[in-house]
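Open the model in a viewer and keep the selection panel at hand.

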Amino acid sequence: MHNLPEPDLHWTDHYVKYGFAVRRGLVDRAFCARALDEVRSMLGQTLPLNEWTRENTGQRHHIASENRVLRGVYDDPGLRAAIDEMFGGPGIANDQRQFQLFISPYDPDAKAQISPRGHIDFVKCNIPVFGSGFMFQVSLVKSEPFSGNITIYPGTHTHVQRLVMNDRSWRFPANEADIPDVEPYEFVAEPGDVLFFHHLVCHSGNNCHSAGRSPRVVLHCQALRDEWLHEVDPDQPGLSPWERSLATNGRYVCDRDEKHMRDQDKQAARAAAR
């Protein structure tokens, strides 16, 4: 589907209930144009977007956090205000600018379809109940249905969190059959549109086989706090939208240091990759 489950909900309430929200035109289009020029320079690509293909461009996931032009997305006033709104005020998000550049060019051998099921970003490791932030994607281009867009599986953040709360040994993908099937939402975007999504909502990338051969070109970003949440109570007044999205399963107190656990998992993954 390309329509939000409840388009009339305030965007933060939509995020709480469904694990994602979309803000149209949030990031300045002038930034998107500069960023796209930078991407072209990085790739050495001069062809029109609808001539980018998997053969001449490649499907790419670049860690681009050190690129001075692309880092500027975090300075966009509209985006900064949205991050502050999610966290409940200014000065709560840290200044870590962790993001990747995702490019999905036209693939003539692919099919115009989207994945029926998604994944979470915690594979064969401990899964944090709370974590310290959320994800967002900023589109630099106009995409179409089946442009390789990200798909989100609405409401699955609540299911996954409940499964982990009830069994801290629950793992993805070993136990993914416990997650119900839902109709996916495809993020078809204009330049400057932003998709915000929960760290536990199921999502998926897709191959690009759109009618107009439009690629997906997005910045895949994180907004983080230094402090990891330890407990949450939905009856506590004044919770931020981000905190409310972590309280949909009721009051919960973590019985372990999730930040330490996550750091250990990352160290183990790096060691295994050597």
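This is a predicted model.

Next, go to the largest nonpolar core, which has 59 residues. Phe134, Phe136, Phe196 and Leu219 are the residues with the most contacts inside it. To see what supplies this core, select the elements that each give at least two residues: the helices α1 (11-18), α2 (29-43), α4 (77-87) and α5 (156-166), and the strands β3 (99-104), β4 (133-139), β7 (194-197) and β9 (216-224). Of these, α2 contributes the most, with six residues.

Now centre on Phe136. Beyond its neighbours within four places in sequence, Phe136 is in contact with residues including Tyr74, Leu79, Ile83, Phe196, Leu219 and Cys221. A second core, separate and of 12 residues, includes Tyr185, Ala189, Phe197 and Val201.

Finally, zoom out to the chain, with its seven helices and 11 strands. Its radius of gyration is 18 Å, close to the 19 Å that the globule rule gives for 274 residues, so the chain is as compact as a globular protein of that length. The C-alpha trace spans about 55 × 45 × 40 Å along its principal axes. Colour by burial: 52% of the 274 residues count as buried. Among contacts between residues at least 6 apart in sequence, 85% join residues at least 24 apart.

How values were computed: Residues numbered from 1 in each chain as written. Predicted model: local features only at pLDDT ≥ 70, side-chain atom pairs only at ≥ 80, totals over all residues. Heavy atoms only, no water. Core = buried A, V, L, I, M, F, W, Y, C linked by side-chain atoms within 4.5 Å. Buried < 20%, exposed > 50% of the residue type's maximum accessible area, 1.4 Å probe, protein only. Helix = DSSP H or I, 4+ residues; strand = E, 2+ residues; numbered from the N terminus. Contact = heavy atoms within 4.5 Å. Rg over C-alpha atoms; globule rule 2.2 N^0.38 Å.
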